[in-house]
Amino acid sequence: MAKHHVTTTINGDPVEFLCAPEQTLLDVLRDVLYLTGSKEGCASGDCGACSVMLDGRLVCACLVLGVEAQGCSVETIEGMAHGDELHPLQRKFLEHAALQCGVCTPGFLVAAKALLERNPEPTETEVRYWLAGNLCRCTGYDKIVRAVLDAAAEMRES
Amino acid sequence: MDYRSPSSVKKAVDLLAAHDGAAHVLAGGTDLLVKLRAGFVEPKLVVDVKGIAQLRAIESDARGFRIGAAASCAEIGEHAALVAAWPGVVEALRLIGSTQIQGRATLGGNLCNASPAADSVPALIAAGALCRVAGPSGEREVPIERIVTGPGRTSLARGEFLVGFRLEKPRPRSGDAYLRLIPRTEMDIAVVGVGVALTLDAAGVCTHARVGLGAVAPTPLLVAEAARALIGSRVDDKALAALAAAASAACKPIDDKRGTIAYRVKVAGVLARRAARIALARAAGR
Amino acid sequence: MNDVTMKGLRERRLKVVGTRPLRPDGVDKVTGRAKFGADIHVPNMLIGKVLRSPHAHARILSIDTSKAQALPGVKAVITSADLCDLPSEFIPAGEMMVNFRDMTRNVMAREKALYEGHAVAAVAATSEAVAQEALKLIDVQYEVLPHVLDVAQAMEPDAPLLHDNMFTIGVEPRPAQPSNVAKRVEFVLGDTAAGFAQAEVVIEREFTTKPVHQGYIEPHACLASVSEDGQAELWCTTQGQFIVRGFCAKLLGMEVAKLRVTASEIGGGFGGKTVVYLEPLALALSRKACQPVKMVMSRAEVFRASGPTSGAKVWVKIGANRKGRITAAEAVLKYQAGAFQGSPVQPGCMCAFAPYDLDNVRVVGFDVVVNRPKVAAYRAPGGPISEFAVESVIDELAKRLGLDPIEFRLKNAAKEGTKAAYGPKFGPIGLVQTLEAARSHPHYRAPLKANQGRGVASGFWFNIGGETCAALNLGEDGSVTLVAGTPDIGGSRASLAMMAAEELGIALDKVRPVIGDTSALGFNFLTGGSRVTFSSGMAVIEAAREMIRRLRERAAKIWEVPVEDVVWEDGYACPANGAGGDHKPLSLADIAKTAGKTGGPIVGNAAINAQGAGPSLATHLVDVEVDPETGKVSILRYTAIQDAGKAVHPAYVEGQMQGGAVQGIGWALNEEYIYDANGRLENPGFLDYRIPVCSDVPMIDTVIVEVPNPRHPYGVRGVGETPIVPPMAAIANAVENATGIRFTQLPMSPPRVLEAIDSKRAALAKA
């Protein structure tokens, strides 16, 4: 089957790509555009390692077809820092040692950013349930939750 | 496989009809993409219905609500009037998957995937939802409990697809609730799911009730006996015990990787009782 | 400063070690820049895919690859014929043993497919779609054989036989008939019959655990490129690039030096990435195609074909007197090995009773093959299973004796000088300290409500050292590159750079730590056995000391004084007290600047076999609530207390403790492999293989106890593995306190718990 020509905005930049109808947005990001910050942990929407924003909604890129991104705005981990200035969440993840192997980290950061944009003052329980679709096998989640709560506090102050 | 994104119901019907069963409807894709990846389905064409404005709309008027089949659960959950009117339906659809899944998953998909364990379906059954179906011979309206006919099977004919749902405005002193049992706190498929909707009269006697059960039979169930246990009662302990017994009796479950027959039967009763208590508190509150 | 040098390292005040700096690899990981196994693309790259057995046990009658080979875009197809067959011999590899005859058969089935998901052929093609299409064109003829999954059934005389040449080792006389029992091991101390005769209370229980998977989020992935002259490059996600090099060279019949292996960033391993699966196949495909080949497992392949840890049956009997002293302890452990021998039953036996100071112990273990994927190491391999059983019985015994469970453990705790049943006499160890910290923790006295219960359990793990190299290279500007050979799985670049900075007396940001490929250093054993901060740390310290020696020599040359007159203080070469004259101290940068004139580049290297890893002990406290109507167990509060020797970077020590505790929570409550009647895995995904999610767990409080390991310059003990040992028993003990029911089967999933609650209710009603 012929490939589709897709026009999107990725991290604010216009991007065009060709993709087969069965390729997922994650396949496109990683293997066509080489934006490998979004990870494939399961390809079934169960691990959240491929979390991206699609037109302002948090989604798993593995559960979106590449062709569905036509005309959409996509934000990935690669767009989270501004120049050499890390997003407060990125800084807090480092300060709190909220990552060990780091493979789940991009997904957690994208998901946590989406949370704080909607709810600047989440409770611990709200953080835990919002992030329940992001699996981490290393940290036991403790330091991740603390980092998100601390980043939220700092972002409220600034 | 090819992909098309029609802009109208008519165009979607034409595409589906032209492919005579080899086309698959794509709404949120949270079930379909998993099946595609695993090779469980190999459609010639995927028809993305999210490009049809009507299927994304959530509308309310004096009579009730119309929810497009392809509106995402996240969008539906943000509809304040719907949340206020049908909290049980909304809590059920908010339980479907993670935050990420919520951004994509739809009520149309949750229903037409035809899993016995779909979370929104028992709650919608309890709420008496009606489904709007479009096809080559026009549109028809069907009670939701008649859509799923077995695991992975629906009563939709070739070329038909789901356009949306209609929920009546709740009667005064009504409340609904949905509870499910999963081994973890999130990210699991329901082992048992129970939706209860009930209405009280001014004296606090239940005049109307519907009970939906999920994951305990080949299809989600509307359990009339369970509703009868509540109607005419004050939803007291005795009525709740009868409700639990009726819910358990209606189960025709299987042993599988998610639960045993005995477990599902028992827990269906437990959750029915707990859900009815929540629905009662909600009804009494308004 | 001088007396600091004089007093020796162990007593000096540490400036970097023990602090919590940002990790040097952190920014790459929060920006998505870090390259994991699947994150690499090279020109002209092919995609490799594996055809796997749909049968749990089947003889392979024939494999016809001709149609696949003829498909346009297919560049290579391989079967077991493309790998070396190798003789059976056991080679120690850290905490496990390897046998190359089995390894070549595990990566590609030969005579038989021994589990569902066992690789039988592989293809490399120009795209994933073509590769998938090609797999469908490979025609494999199988003769399906009866299979066996359960360890007890596999030990029956009439069980389906996996290997007709397997005769139990460790049984005298050697059995005449082959069986599925690969090995019997036994550890005896004292006389258990005499010990039980002195016991006033004896408890005996049988436990069952299910296989559980390490559950790393990053699937196995690699990229191989073999050139026409046989030189090869391999990029892969692994816990040991040198181990991968050795294994692959053996399976492909290559010289080790011809193969360079680069470890990518690793997205979790927990022991599961200490073996090879795709790597030899990618090399064989690339060798055939003369193009680079990338291979990535799907999540389902990870579950079906990579190593979980053993499911097991464990029988435990412990006797004690009324004073609360244990008089005798026995255990029999039957561990599933998967399709090939090599379960962790031996370490399971060794640590079963290791936390306790006992006179009479007998532990027997059986290594049993079944039609499941070959087990791989999983965090403290073998320990969590046997210690779950023992710590459950210890708890029950304490209750029967009317003793507080911490008090009972303290009465019997192993300490410095205790002789372990498996042989050695312990040096300083920290069990008593963790128990005392648990007893005095506010958690231990916090009130509980109805349907809630508190559990306590301790855990032991040996930890290992082993062969290790490290290099420090001084840059022209005085900055230092640190090269380590052990993949950084949880922050070891931070801890190693901290130790280098501490020794050299320089700022941490002057040290850039990298993980070298196999051409950068001499042999390194892998990241495992909680050995990296200990062993690579030792090597780094030795390399730093060598670099300091050379820096002093250069300074002496510049000042024209004997080297004895130069000391190294806080990052500067200084004249020694009363000698060496009046010279301005020289920094690393000063010395580096003139290095060309004083003798050339300055490096520090170490190649050691690190000895003296100290065991790490832990005690965990957990509160649970059990829903009596649904059987669902919720974790309300958790405190993990562990001896770290010396916590180099305390935040990452806490991280190990928290992560291990939560993996243990998963093992205790919901994780299990579920097979259908045909031996096919029913839950090969994160939907139904239920690892804990964020909302399942509370904060995991930690208390780090520091009982220094005298064999390490800073007192370091490995900390990575011990934290997964106590949780299962701690939770079972808590559930017992909440419900009055002793659970001897894992996982304690809602249906199992509710069934037990209902049975107890029914029994009470009858009575």
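**Entry 1. Chains B and C**

I looked up the contact between chain C and chain B: 16 residues of chain C are in contact with 16 residues of chain B. I took two residues as in contact if their C-beta atoms, placed from the backbone, lie within 7 Å. The side of chain C that touches chain B has 6 nonpolar, 5 polar and 5 charged residues. Here Ala, Val, Leu, Ile, Met, Phe, Trp, Tyr, Cys and Pro count as nonpolar, Asp, Glu, Lys and Arg as charged, and the others, Gly among them, as polar.

This is a predicted model, in which local features need pLDDT of at least 70, side-chain atom pairs count only at pLDDT 80 or more, and totals for chains, interfaces and linings use all residues. Residues are numbered from 1 along each chain as its sequence is written, while chains are lettered from A and ligands numbered from 1 in the order in which they are written.

**Entry 2. Chains A and C**

I then turned to chain A, where 44 residues are in contact with 43 residues of chain C. Helices α2 (88-95), α3 (105-118), α4 (124-130) and α5 (142-157) of chain A each supply at least two residues of the side that touches chain C. Of the elements of chain A, α2(A) gives the most to that side, with 4 residues. By class, the side of chain A that touches chain C has 24 nonpolar, 11 polar and 9 charged residues. Helices (H or I, at least four residues) and strands (E, at least two) are DSSP runs, numbered from the N terminus.

I also checked A:T123, which lies in the loop between α3 and α4 of chain A. Is A:T123 buried or exposed? A:T123 counts as exposed, because it has 10 C-beta neighbours inside 10 Å. The cut-offs are 20 or more other C-beta atoms within 10 Å of a residue's own for buried, 12 or fewer for exposed, and partly exposed in between, with C-beta atoms placed from the backbone. A:T123 and A:V145 are 22 residues apart in sequence and 9.9 Å apart in space, C-alpha to C-alpha.

**Entry 3. Seven-strand sheet of chain C**

In chain C I followed an open sheet of 7 strands, in the order β3-β7-β1-β14-β11-β12-β13, with mixed pairing. Two strands pair if DSSP finds at least two bridges between them. At the edges stand β3 (74-78) and β13 (259-263) of chain C, each with a single partner strand, so one side of each has no neighbour in the sheet. The twist averages 20° from one strand to the next; axes are lines fitted to C-alpha atoms, for helices over the stretch in contact, and angles run from 0 to 180 degrees between N-to-C directions. Helix α8 (residues 241-252) of chain C packs on this sheet, touching β12 (232-236) and β13 of chain C, and its direction makes about 145° with that of β13(C).

I looked at β14(C) (residues 293-296) in detail. It pairs with β1(C) (residues 46-52) in the parallel sense over 3 bridges, and with β11(C) (residues 221-226) in the antiparallel sense over 4 bridges. C:V293 of β14(C) stands opposite C:L46 and is also the bridge partner of C:A224. C:K294 of β14(C) is the bridge partner of C:L223. Both faces of β14(C) are covered, with C:V293 and C:M295 buried on one side and C:K294 and C:V296 buried on the other.

β26(C) (residues 616-626) and β27(C) (residues 633-643) run antiparallel and are joined by 9 bridges; C:V622 stands opposite C:Y638 in β27(C).

**Entry 4. Helices of chain C**

I checked α12(C) (residues 383-401) against α13(C) (residues 405-412): they pack at about 105°, with axes 9 Å apart. The two are therefore roughly perpendicular (65 to 115 degrees; under 35 is roughly parallel, over 145 roughly antiparallel, the rest oblique). The residues of this contact divide into 6 nonpolar, no polar and 2 charged.

Last, I noted that 19 of the 20 residues of α20(C) are buried, so the helix is largely enclosed by the rest of the structure.
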